[in-house]
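Have the viewer open as you read.

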Amino acid sequence: MKSINVDVAVIGAGSAGMTAFRAAQSHGKHVVLIEGGPYGTTCARVGCMPSKLLIAAAEAAHAVAEAPGFGIHPGTLRIDGKAVMARVQAERDRFVGFVVDNVHRIPDEHRLHGIARFVAAGRLQVDDHTLVNAASIVIATGSTPNVPPELRRLGSRLVTSDQVFDWNDLPASVAVVGSGVIGLELGQALHRLGVRVTVFGRGSGIAHMSDPAVVRESVECLKEELDLRVLTRVVSARTDGDTVSLTSLGADGVERVERFDFVLAATGRTPNLHQLNLEHSGLQLDTRGMPLFDPLTMRCGDSAVFIAGDVNNERPVLHEATDQGRIAGDNAGRYPEVLPGLRRTPLGIGFTDPQIAVAGSAFNTLKPGSFAIGEVQFASQGRSRVMRQNRGVLRVYGEYGTDRFLGAEMVGPRAEHIAHLLAWAAQNRMTVAAMLDMPFYHPVIEEGVRTALRDLQEKLLHGLPEIERCADCTPGI
């Protein structure tokens, strides 16, 4: 077994790891990139891009189905599942190819392939071929889909979001277990492509939403076309020939037994930590085995180890992974100097129809009584109604006393664009009045933002909460 000495070892060649590698190299340090699986990021191989390819096909099919509402009557809709999946895979492979090409441009002396494990603080073993002594280390090993125990015996009848894009044809039926963003996006897309789909959600909420009014509206909107069952638990699932017999328990207390061709587990993702042998790293771990880290520097305790991307389970989306990778790589490259990096305003988007989004501070992160809420319903919003996409609600939050815009949650048309505008406003600490001074064209969906902001401004001006009584003041002061 050979032994090498490096300044920085980056474990994982995904979005966070690749960014960390480049950032560390920018400091003129000797950096090695270690990857134990296939090259190509989660986003390109099994996440953002293939899911949007499937959703784009579903949107095309849905547009044909909705055309009669505009007085347009196309011919009989025919969905070629094999052609749909062929395009998904071809375009996915194209995106993955770009990533792999970038990895292969890295000189061989800066790349190692194999599973990295800690054998001591600052010392890694890669498979059985290389020992790496590193002055600093970046952990960027990503995550894998979580599979609940009741689904683990389904064999080939069970798929995750890492496997669904390898189908060569569309199945007749799928049970989606999990009502998060992944489950809803894939479930609705498959439904629109002619697959019989049922989505099972254990709780009353969906996706990343926390505002009760937005959650209710989201459920109502999605239920109009999708068999979405919240407050429903999957009790058991077993294979029966070429199908799965799935038993669920609904909020009404009734057990139901149904058959599906496949079960899609969309119950979150688990950080890839189990192969790292962190017990030998010298790091302080929490009760889940996660290293304790500073989200501004990505540093684990007072060590020379940094953690970035989905593996730390803080904000598991691509733009956060690259930001974290840049911070971790910079600090690993300049170690022992460690500086805080740029952490942007939170932004989360679900590509359902209608789309769902959280921009800035979410409802459940705000202190009760410290903020007001403005609202607009899209049912009568002009441009939305023109497009026959007039469903959903936008709720915006502003701080009493300062008039500062805090954040928003929404379900509605073009939420991906509205959410960006609102996240930018929150990051710039704009007041509601300043936002209302911005131009709004007519007719556009963004006019709904203005309506919600006007409602919020009125409540901030005239809906102040009562001053709490205390020993140092009297009512009215």
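Four residues sit between the two strands, which form a hairpin. On the other pairing, six bridges join strand 19 to strand 22 (residues 405–412), again antiparallel. Ala357 shows up in both: its bridge partners are Ile349 and Met410.

Strand 19 (residues 355–360) is largely enclosed by the rest of the structure, because six of its six residues are buried (buried means under 20% relative accessible area, with a 1.4 Å probe and protein chains only).

## The whole protein

Zooming out, the protein has 11 helices and 22 strands, taken as DSSP runs (H or I, at least four residues; E, at least two). Buried residues make up 50% of the 477 residues. The C-alpha atoms fill a box of roughly 70 × 70 × 45 Å along the principal axes.

The average pLDDT (predictor's confidence in each residue, 0 to 100) is 94, and 97% of the residues score at least 70. Over residues 466–477 the pLDDT is below 50, and this stretch has three contacts (heavy atoms within 4.5 Å) beyond near neighbours in sequence. Where pLDDT is low, the predicted coordinates should not be read in detail.

Bookkeeping: residues are numbered from 1 along each chain as its sequence is written, and side-chain values use heavy atoms, leaving out hydrogens and water. Local features need pLDDT of at least 70 and side-chain atom pairs 80 or more, while totals for chains, interfaces and linings use all residues.

Conventions
Two strands pair if DSSP finds at least two bridges between them.
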